[in-house]
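Me: I have just opened this one and could use a quick tour. Can we go through it piece by piece?

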Amino acid sequence: MKPINFVVCVKPVPDSRYWDRLRLDPNTKLLRREGIPIVINPMDINAIEEALRIKEARGGKVTVISMGPANTLEILAWAYAFGVDDAVLLTDRAFAGADTLATAYALASGIKKLEEVDIVLLGNESLDGSTGQVGPQVAEFLGVPHVTGVEKIDFVDDDTLHVRRKIEFGHMVIETKLPVTLAVTGEINEPRVPSVFGALWATEKEAKQWTVNDVKVDNERIGQGGSPTYVPEVANIELQRRSEVLKGEPAEIARQLVDKLSAEGVLPGA
Amino acid sequence: MPFELTPAEEMVRRITREYAEKEIVPRRKELMTDDREIWEEQAVKQLKAGHHLHIIPREEGGTGIGFVASCIAVEELCAAWPDLCFIPYGEFAYYFAKATGGVVYDKFMPGIISGDIQATPAITEPSGGSDMLGLQANAKKVDGGWVLNGRKCFVGEGHYSDFVMTLFKTGDPNDPKTPGIRSLTAFIVERGMDGFRVGRNENTLSRKNDITEFIFDDVFVPDSHVVGGERGIGHGIAPVFSAVGDIGRMTISGILNGATLGCYRTAVQYARERKLYGRPISELQAIQTRIAQMATDLQATRALTYRAAWMRTRGIRCDAEQATAKVFAELAATRATTHCVKIHGAYGVLEDYMPHHYYKHTPVRFGAGGTEESLNIMIANAALRQDANPDMSSKSMENAGWWGRLDW
């Protein structure tokens, strides 16, 4: 069996335990994250788990990569606690303010610097942005195929995978060659609790920190300047309740109810 | 004095909390109805996961992070459920194997590291535990070993133990050749040895089948199983006191602190969610006072426990500090569990809510690791002998001898 080298892209997201403290900044239209602990995006933990399981069965190496300010090192320490071999943080003011495209470009540039990567894994989408775009974009920048919505990975031989992809009302099985990028769902596995030795790995291993000078990038394509999209407006959706008492015989009430719901456009096919 | 946890200790808290949130919290409903299955499962899983390895040095296969990490791990497990914690029994196994050495160490150590072996001390007898010279169990020397007869009781999770360390009389305390405590010797007794069996399991405030009785009926124990070897004959108090102090008292403090922590978390969340007079009860000053008292007790009890544990990791004498920590942990937990029940109003006493469980588990720890009364004697003795170190000077701490200490 050929050993497999993995890169797992991980994103720092605000810890859902503190979401009641999250506020939107009315000027920048971004989440105000100050004072809110960050964690690894949950589906990215599924990606780490899958990489570790395959590595434990076949041998190889698992490297995690992330992009963000220096406090992102905290989540990379947590990745070390799970047992990954190596961690890289792309950290530079020039990377800041990136949309999904500029993020994927930067991540792909970092991955290219790592030697011989067989499988790039990441969560299908993030807990905060939920665009699901970074996976396919990273794959395009790397020039490798990608599969999203992955809920199972099987090796056919050393270079061929059968990947089960979740779709509405079913699944597809896709055959792909390595190298490949796979965006996994939360159903692919049940992540482990880190080993108690993870407390040592997390505190003794140190992530590499790369700036724009360490990776080959076109400075026009990273950070805010390299981001073709921006958020022009955010709005809170307010849910309201209305009540109205219908009177009459049951059949009559039912008729009135259907008419009213049809008028509101909430009945299917109405 | 450093007033922060090391990064590794912080990580231990996170990892253990993650474990508790995945393995224990989702199953609280089962635990509330006294389900045995989860106990059987956790008795294996917790040690397989290695939560007992923090006090074992790295060169012997542990994480070596230390006693503070152990207290933190115990605390996090017991915050999830106030007594579902097998860490002490993995730690005891190491402690006893280490104290005994030789074939006992070689036989059990691989299983201790892999989490397959548990052990417990068995000291207390139906007539009591604090009065060591009043112990009835006795051992007679025979060729190649000793024959043990007696009964030991009130042993926590004893029915899961693969071996026990127990204290037997090997002489007469009134005989000048074996005066006083020189009449006591500690032995390792393995499950499966002829004549050694588990008696009845007792039901406690905490749950059914909580504590165990051991019966020793003409049990032959080879010389290799005398704790401390030949030197250990008549010197059984040192390993027993060290184990009860270092493991027992520290983990019991952790267990009680876990109840305090669990109550604090539960009460804070409830106070923020429960509405009265159209607003959360957390806005009522009467509730805020209770929360403040819980927060104060939590900080104080952690500080005492962690400091005693830190001293132990550094090899500094800390028997009085361990006693202080346990006495205070008990008081803090008693207060915090009461506050938690009261903040929850009538819900606080329902079996379907956590305050009920934190509250009723706490008294189960009053006797374990030494009663408040006997620990107060230790604390007072240290104070009156001027061995105590309330100034926390490192100099005087390191100069102090430790009469009951194992020399490893």
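Me: Where in chain A is confidence lowest, and where is it highest?
Reply: This is a predicted model, and in chain A the lowest confidence falls in strand E4 (residues 31–32), with a mean of 78. Strand E12 (residues 180–184) of chain A has the highest, at 98.

Me: And what is the mean pLDDT of chain A?
Reply: The mean is 93. In chain A, 99% of the residues reach 70 or more.

Me: What about the mean for chain B?
Reply: Chain B has a mean pLDDT of 90, with 94% of its residues at 70 or more. Its helix H4 (residues 67–80) has the highest mean among the elements of chain B, 97. Helix H12 (residues 394–399) of chain B has the lowest, 49.

Me: Which stretch of chain B has pLDDT below 50?
Reply: Residues 396–408 of chain B. Beyond near neighbours in sequence, that stretch has 36 contacts in the model. Where pLDDT is low, predicted coordinates should not be read in detail.

Me: What are the scores for the model?
Reply: The ipTM is 0.86 and the pTM is 0.89.

Me: Switching to the interface. How many residues are in contact between chain B and chain A?
Reply: On chain B, 22 residues are in contact with 20 residues of chain A. The two chains bury about 1,600 Å² between them. Of that area, 66% is on carbon and sulfur atoms.

Me: Which three residues supply more of the area chain B buries than any other three?
Reply: Met11(B), Arg14(B) and Ile15(B). They supply 34% of the area that chain B buries against chain A.

Me: How many salt bridges does the rule find across that interface?
Reply: Three. Arg58(B) forms a salt bridge with Glu204(A), with the closest N and O atoms 2.7 Å apart. The rule also finds four residue pairs in polar contact across the interface of chain B and chain A.

Me: Which helix gives the largest share of chain B's side?
Reply: Helix H1 (residues 7–23) of chain B, with eleven residues. The side of chain B that touches chain A divides into nine nonpolar, six polar and seven charged residues.

Me: Back to chain A. How is it divided into domains?
Reply: Domain 1 covers 4–226 and domain 2 covers 240–270. Their C-alpha centres lie 48 Å apart.

Me: How many salt bridges are there over all chains?
Reply: The structure holds 42. One pairs the side chains of Lys11(A) and Asp128(A), at 3.0 Å from N to O.

Me: Why does that pair tie together parts that are apart in sequence?
Reply: Lys11(A) is in the loop between strand E1 (4–9) and strand E2 (12–14) of chain A, while Asp128(A) is in the loop between strand E8 (119–123) and helix H4 (134–142) of chain A, so the pair links parts 117 residues apart in sequence.

Me: Now the backbone. Where is there a cis peptide bond?
Reply: Between Leu178(A) and Pro179(A), with omega about -5°. Pro179(A) sits in the loop between strand E11 (170–177) and E12 of chain A.

Me: Which residue has a positive phi although it is not a glycine?
Reply: Glu116(A), at about 40°. Glu116(A) is in the loop between helix H3 (100–113) and E8 of chain A. Most residues other than glycine have a negative phi, and most peptide bonds are trans.

Key: Residues numbered from 1 in each chain as written. Chains lettered and ligands numbered in written order. Predicted model: local features only at pLDDT ≥ 70, side-chain atom pairs only at ≥ 80, totals over all residues. Heavy atoms only, no water. Domains from an automatic or database assignment. Contact = heavy atoms within 4.5 Å. Buried area = accessible area lost by both parts, 1.4 Å probe. Salt bridge = Lys/Arg side-chain N within 4 Å of Asp/Glu carboxyl O. Polar contact = N/O pair within 3.5 Å; in protein donor to acceptor, adjacent residues only side chain to side chain. Helix = DSSP H or I, 4+ residues; strand = E, 2+ residues; numbered from the N terminus. Nonpolar A, V, L, I, M, F, W, Y, C, P; charged D, E, K, R; others polar. pLDDT = per-residue confidence, 0-100.
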